[in-house]
Amino acid sequence: MTVMTDRPHMLTEEFETLARIGAREVEGLRLEFIDGKLGVKAVPDGDHGLIIEWLLRICIQHRPDLFLYGEQGLRVQQYREGRARPDGVLAPSGFMKAQGEWVAPDPVLMVVEVTSYDSDTDRRDRIEKPRAFAETGIPVYLLIDRDSCEVSVHSEPDGRRYETVRTVPFGKDVHLPDPVGITLPTEPLKDWVR
């Protein structure tokens, strides 16, 4: 029997319930809800974790007032009340206090994604997430792309997209614009790709 519904997509509350149940029942399951679509994010490998560690150390060294939170759920996009779980969220230390699993993006300075070796990486990390984070107004989106061995810095969100995207190969320094204001020496990234 097929049940017809007038609703074109899942409600945010339904997603949050499903995400809680999934995380409790299936080890490593990480769900996201972007542009009204349910998605599953790949579980990171060891090199992925080393990249986040490398970035965390640089951020703490240059901006001790900030912290790079790993896997923090964010409320993104005005449209369809999205939920994303970036690999890293750079924000003032302690910003998550009393916010729960899905925090408001207001104080976030930068979100970070490190590509995984899965079939959804292109759509998720290169198309959907930059759009969702730009729509939310997050100032900087950093994509560490292990497939192309490049780092892309997206900045100047206009409410629909990032107006500026700078891409450099691993090994070349890249500046993260204000409000982050850090230069990344990307040479070490060469050691954490297949």
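**Figure 1. Surroundings of T186 in the predicted model.** The side chain of T186 has a polar atom that lies 2.7 Å from the backbone oxygen of K172, a polar contact being a pair of N or O atoms within 3.5 Å in which, within protein, one must be able to donate a hydrogen and the other to accept it, while residues adjacent in sequence count only if both atoms are side-chain atoms. T186 belongs to the segment after strand 13 (182–184), where strands (E, at least two residues) and helices (H or I, at least four residues) are DSSP runs numbered from the N terminus. With a relative accessibility of 0%, T186 counts as buried; buried means under 20% relative accessible area, exposed over 50%, and partly exposed in between, computed with a 1.4 Å probe on protein chains only. When its neighbours within four places in sequence are left aside, T186 is in contact with W54, V151, P169, F170, G171, K172, D173 and V174, contact meaning heavy atoms within 4.5 Å. This is a predicted model, in which local features need pLDDT of at least 70 and side-chain atom pairs count only at pLDDT 80 or more, whereas totals for chains, interfaces and linings use all residues. Residues are numbered from 1 along each chain as its sequence is written, and side-chain values use heavy atoms, with hydrogens and water left out.

Figure 2. The structure holds three aromatic pairs, a pair being rings of Phe, Tyr and Trp (its six-membered ring) whose centres lie within 6.5 Å, with planes under 30 degrees apart counted as stacked, over 60 as edge-to-face and the rest as tilted. F67 and Y69 form an edge-to-face pair, with 5.0 Å from centre to centre and 65° between the planes. The rings of Y69 and F95 have their planes at 65° and their centres 5.4 Å apart, so this pair is edge-to-face. Because Y69 lies in strand 3 (residues 66–70) and F95 in the loop between strand 6 (88–92) and strand 7 (102–103), the pair ties together parts that are 26 residues apart in sequence.

**Figure 3. A charge over the ring of W102.** The charged end of R85 sits over the ring of W102, at 4.5 Å from the ring centre; a charge is counted in this way if NZ of Lys or CZ of Arg is within 6 Å of the ring centre and within 35 degrees of the ring normal.

Figure 4. An open sheet of six strands has the order 3-6-8-9-10-11, with mixed pairing, two strands being paired if DSSP finds at least two bridges between them. Its edge strands are strand 3 and strand 11 (162–169), each of which pairs on one side only. Strand 3 and strand 6 run antiparallel and are joined by five bridges, with V89 in strand 6 as the bridge partner of Y69. Strand 6 also pairs with strand 8 (residues 110–114) in the antiparallel sense, over three bridges; in strand 8, V112 is the bridge partner of G88, and M110 that of L90. Four of the five residues of strand 6 are buried, so this strand is largely enclosed by the rest of the structure.

Figure 5. Most residues other than glycine have a negative phi, and most peptide bonds are trans. The peptide bond from D178 to P179 is cis, with omega near 15°, and P179 has its place in the loop between strand 12 (174–176) and strand 13. C149, which is found in the loop between strand 9 (140–145) and strand 10 (150–157), has a positive phi near 55° and is partly exposed, with a relative accessible area of 31%. E156 is found in strand 10, where its phi is likewise positive, near 60°, and this residue counts as partly exposed at 46% relative accessibility.
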